[in-house]
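Subject: Structure handover

Hello,

I am passing the structure on to you with this email. My notes follow below it.

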Amino acid sequence: MIVEIGHFALVLALVAACVQGSVPLVGAQRNRADWMAIGTPSALLQFIFLAVSFACLTYAYVVSDFSVVNVMANSHSQKPLLYKVTGVWGNHEGSMLLWVLILALFGALVALFGGNLPAGLKARVISVQGWIGIAFLAFTLFTSNPFERIFPPPLDGNDLNPLLQDPGLAFHPPMLYVGYVGFSMAFSFAVAALIEGRIDAAWARWVRPWTLVAWVFLTGGIALGSWWAYYELGWGGWWFWDPVENVSFMPWLLGTALLHSAIVVEKREALKIWTVLLAILTFSLSLLGTFIVRSGLLTSVHAFATDPERGVFILIILLITIGGSLALFAIRAPQMRSGGIFAPISREGGLVLNNLLLATATATVFLGTLYPLFVEALDGSRLTVGPPFFDATFVPIMLPLIAACAVGPLLAWKRADLAGALGRLKFAAGAGILVLLATLMFADDGPWLAIPAMGLAAWLFVGAASEWAERVKLFRAPFAETRRRAAHLPRSAYGMTIAHMGLAIVMAGIIGASAWKQEEILVMQNGESIVFAGYDVTFLEMRRIQGPNYVAERASIRVEQDGEQIAVLTPEKRFYPVQGMPTTEAAIHTTWLSDIYIALGDEGETNAGEAGWVVRLYYEPLVPWLWVGSLVMMIGGVVSLSDRRLRVGAPQPKPAKAPSGQAVPAE
Amino acid sequence: MRTLFAALACWLLVVPAALAVQPDEILADPALEERARDLSKELRCVVCQNEAIDTSNAGMARDMRVLLRERLVAGDSDDDVRDFFVARYGDYVLMNPPIKASTYVLWFGPAVVLLLAAAFVWRAARRRKATVTPAAALSSEEQARLDRLLSDRDGT
Amino acid sequence: MRQRLLVYLPLLAFMVLAGYFLWGLNPDRNPSIVPSVLIDKPVPETSLPALAGLLQPGIEPASFTIGEPVVVNFFASWCIPCRAEHPLIARLAEQEGLTVYGVNYKDKPDAAFAWLEDLGNPYHAVGADGSGRTGIDWGLTGVPETFIIDGEGVIRYRHVGPIDTTILEERILPFVETLR
């Protein structure tokens, strides 16, 4: 019964989406306030229906209702409750339901908090959200219905892939989806603006917070995903340039570009056409990700239930949404001349450089991800584009971006003094050189590029801090003056500083992890000790333990430094009998400067031919900074989001009303 | 159904699971072993989905790791080893696509895109400078709104 | 004017991309099957001892240049799809009159022997590739895989995965005809 309610609510959500997609839009075109007003209740209803639907599916999982195919295929009665719940989105059908739920949530948020938007824009934005909702609700209902029944119901389910039974991966999809789907707001605003034929500073100001929300969550989702890969896959890697990772990274890169170009629109009324295009492309890349992950178009280590028929359905959705919006763009964009004059050396010049480099980086990842498909289509031959390609092409694009990232915020709008800005970065330059020299001394091997790159990370970190110090006149004015200035600095300025510092931290983490990782693979016996990366590591014992839905062999390994015990690590090798699948659970001791990472392999023989266990030891310098830096970037985003003037729904000075119909030419 | 079987066939090779590089594979000579590790990160496991043989658990990946070490011990250069596998599996086996006619777009595309975009921005900036008169046509209404917006954020 | 054309560029690029995607969704396309680079190349140097227990010779380089097409089938007793295609391999050897060699890939000899005892041995020779080296030399990506070699010892065709009746009748037999 509950399952049928969920199914029915999903159908009702589609009906609500149809209303939401049509009535407000027609109302906006005909300038009828009552029709436009339908947008709010229909968006709210769509969200409520989907919330009910999602709750019903979750209920079916919690009570292990195996008469539902989806529950049967992805759950098991013995599974811990947490993973019963997270199992809802650990499969294709359930994750689609989550996807549309989040989409409806964003639609409902505009409906609730979009009171400060002009009625026409709001109605159009809600309608465009409605269209996306229709497309994906239809996809879910007709090709991926999670509420299908099976008769007779089996006694127990097939269980969830044990690799997914993990706290890191449990919350990775929801965060990623909020990110992906969040960019639909920027898309809807862009399409609405194209329909209206006008874009102004106010538009950019409304788009930015939504983009920022999506960006914060996408950052978190990507970081969580690579954290999971790091501790779960058992060899300390955290990024593989796999197609599925790339498709989440591309919207992030372009979304970052969008965040920056929207500032130019807001401040200088320039880059309008480009910003609208970015907004469309960012969400298009999110959709592309959904398509690639679920269609089986490319081979990836992250298997999802793939099905070419579903692929065709999503491709049709892509053709309508992306193709339609780009066609609209082609028709309308020439009417929207941007006005701003800008000099290359200026804040907006810096932001243009940021956009150039981020867009090129996105194009690189895009080309690398899809090139095997292109080659295969052209001559049938097969090609692999793996990490070496991305390292060789992506890094040279990012390094100038990082270098410029410290300078940009110090440049004034319109026309800036580059020499002056560089002069104010003397501490950053000093710190960069210092770190470079220190790295040169301590790092005895590893790629040479890592050494200047570390200096660059320090340059960015101190550079971001100096920009703040500059603005509050730290040490150059009386302390009270500094405090007053610090308190009056807008939160968005703090957000930028924090996010840039986070980027510097992440960068250091990336360099450390890829340049100076140490590894030891050996067979150890009980009581055996070795010296590894300056630590004394002793294999204490091996024990068999029983988990809730797995059995495991757990080693106890003592890590000591200078005779003092630092940690006893307990890596496990688990076996999940229902899926017949083994997993490794690495044990990690972090000092926040580096990780000691131990994974357990199979039984093996020592060189002397005695039985022991294969142990993999990794010393991962600076890896914790990856997670810390990502978190700092997210905090930067949240701080910026809390800015009074960006806060969603905060009272703002009403923009001059432009009665629709008598449209003011957008310059 | 056919693809299912093919998938099964691939999985079956994976079954004798062992996690990536095993201690018994490691060469005694550290310099040679380091070369072997670097090479094994560049070679794709042909039965896996987009994974290098270095990290793959597949039995065939292990065979390839052992084989590539044998080649190194026998005195092969890194290029010899790459050629050895390319002769059997084609360019597909290389994680790093070789630079040749069919990959020019891949390798040089991004740089070309960057240059074209930079040239476009440069021209657009210069043209605008030349054509837009300082008294850019803002209506008084728009000017007022712009002022309000800009005054909101002082000092930036 | 140029700018007017430029705004159509994203749409154009997307349409081209969508064309590729449509092509990529072709249900006959299996992205995990990699075409062999050994097609139209001579058979790799292959000398395999006979599978222990069989009263048959092993495989020698000369085995491939016998003036008529040869079918080489990689199999293993632990491979379930191999069991499924086994009757069709037998049909190739017994009814279609082809010379069929088996390469027993990474198997225990006694398990393979028992497997052939159980299902019948259609092969004219079975070579034991215990180390899997021959498999790599042949660019093997899994078992079963089946190669067709012409009378001069040149590889002409490869099939990945188990053979079923349709594949046998529509692809393999017509292809062998062209070689005869």
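Which residue stands opposite Glu572(A) in strand 7 of chain A? Glu585(A) does. Strand 6 (residues 572-576) and strand 7 (residues 581-585) of chain A pair in the antiparallel sense over five bridges. Strands here are DSSP runs of E with at least two residues, helices are runs of H or I with at least four residues, and both are numbered from the N terminus. Two strands pair if DSSP finds at least two bridges between them. The hairpin of strand 6 and strand 7 of chain A has four residues between the strands, and Gly580(A) in this hairpin takes a positive phi near 60°.

Before the rest, some notes on reading the model. It is a predicted model, in which local features need pLDDT of at least 70 and side-chain atom pairs count only at pLDDT 80 or more, while totals for chains, interfaces and linings use all residues. Residues are numbered from 1 along each chain as its sequence is written, and chains are lettered from A and ligands numbered from 1 in the order in which they are written. The predictor gives the complex an ipTM of 0.88 and a pTM of 0.90. For chain C the mean pLDDT (the predictor's confidence in each residue, from 0 to 100) is 90, and 98% of its residues reach 70 or more.

Chain A

Chain A contains 21 helices and 10 strands. Along the principal axes, the C-alpha trace of chain A spans about 90 × 75 × 60 Å. Of the 667 residues in chain A, 58% are buried; a residue is buried if 20 or more other C-beta atoms lie within 10 Å of its own, exposed if 12 or fewer, and partly exposed in between, with C-beta atoms placed from the backbone.

The domain assignment, which is automatic or from a database, gives domain 1 (1-160) and domain 2 (518-621) of chain A. Their C-alpha centres lie 44 Å apart. Six residues of domain 1 are in contact with five residues of domain 2, where contact means that the C-beta atoms, placed from the backbone, lie within 7 Å.

Ser67(A) is in the loop between helix 3 (39-62) and helix 4 (69-74) of chain A. Ser67(A) counts as partly exposed because it has 15 C-beta neighbours inside 10 Å. Apart from neighbours within four places in sequence, Ser67(A) is in contact with Arg149(A), Ile150(A), Phe151(A) and Pro153(A).

Chain C and the interface

Chain C has six helices and five strands. Its radius of gyration is 21 Å, well over the 16 Å that the globule rule gives for 180 residues, so chain C is more spread out than a compact globule. Its C-alpha atoms fill a box of roughly 80 × 35 × 30 Å along the principal axes. Buried residues are 43% of the 180 in chain C.

Between the two chains, 26 residues of chain A are in contact with 20 residues of chain C. Helix 13 of chain A gives the most to this side of chain A, with 12 residues.

Regards

Definitions and conventions. The radius of gyration is taken over C-alpha atoms; the globule rule is 2.2 Å times the number of residues to the power 0.38.
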